[in-house]
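This is a short walk through one structure, written for someone who has not seen it before. Please look at the sequence and the model first.

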Amino acid sequence: MQHRPPRRGEVWFVHTPGRPGDPHQPRPSLVVSADARNRVTEHLIIIPIFSTGRLGPTRVAIVAGTGRLPHDSVLFCEEIATIDWDFLEDGPLGPPMPEAVLEEVIRAVRRALGDVVV
């Protein structure tokens, strides 16, 4: 399926690699790679979104309606992945996530990588 380049902060449905038995495929995921990168490569960086999950320093809670998500959700920032465009199913769900959410996500990714982040 041909798509326009996803934009940073948008939520797209994607088939997450390495999880062929996951019954929740395609899964909503947040695009975190830069727009300039998304326009010139055939892959993008995403963070999967789950409807439930224990919160912690590498996870970000999202309120229903943000990015047009239908219910409260959790971004698992420790599961950041690079996927080919072939894994895109549909999107975007709605407008990009607010900048404050993206900043919180980047801090959570840095924590997952071992950075000390306050």
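The model is predicted, so local features need pLDDT of at least 70 and side-chain atom pairs count only at pLDDT 80 or more, while totals for chains, interfaces and linings use all residues. Residues are numbered from 1 along each chain as its sequence is written, and side-chain values use heavy atoms, with hydrogens and water left out.

A nonpolar core is a set of buried Ala, Val, Leu, Ile, Met, Phe, Trp, Tyr and Cys residues joined through side-chain atoms within 4.5 Å; buried means under 20% relative accessible area with a 1.4 Å probe, protein chains only. The largest such core has 16 residues, and L30, L75, C77 and V105 have the most contacts inside it. Two or more residues each come from β3 (43-50), β4 (59-62) and α2 (99-112), where helices (H or I, at least four residues) and strands (E, at least two) are DSSP runs numbered from the N terminus. The largest share, 5 residues, comes from α2.

Beyond its neighbours within four places in sequence, C77 is in contact (heavy atoms within 4.5 Å) with residues including I47, V60, V105 and A112. Apart from this core lies another, of 9 residues, among them W12, V31, A81 and W85.

N38 is found in helix α1, residues 35-40. N38 is buried, with a relative accessible area of 1%. Leaving aside neighbours within four places in sequence, the contacts of N38 include P5, R7, V31, H43 and W85. The side chain of N38 also reaches the backbone oxygen of P6 at 3.1 Å.

Methods:
Buried < 20%, exposed > 50% of the residue type's maximum accessible area, 1.4 Å probe, protein only. Polar contact = N/O pair within 3.5 Å; in protein donor to acceptor, adjacent residues only side chain to side chain.
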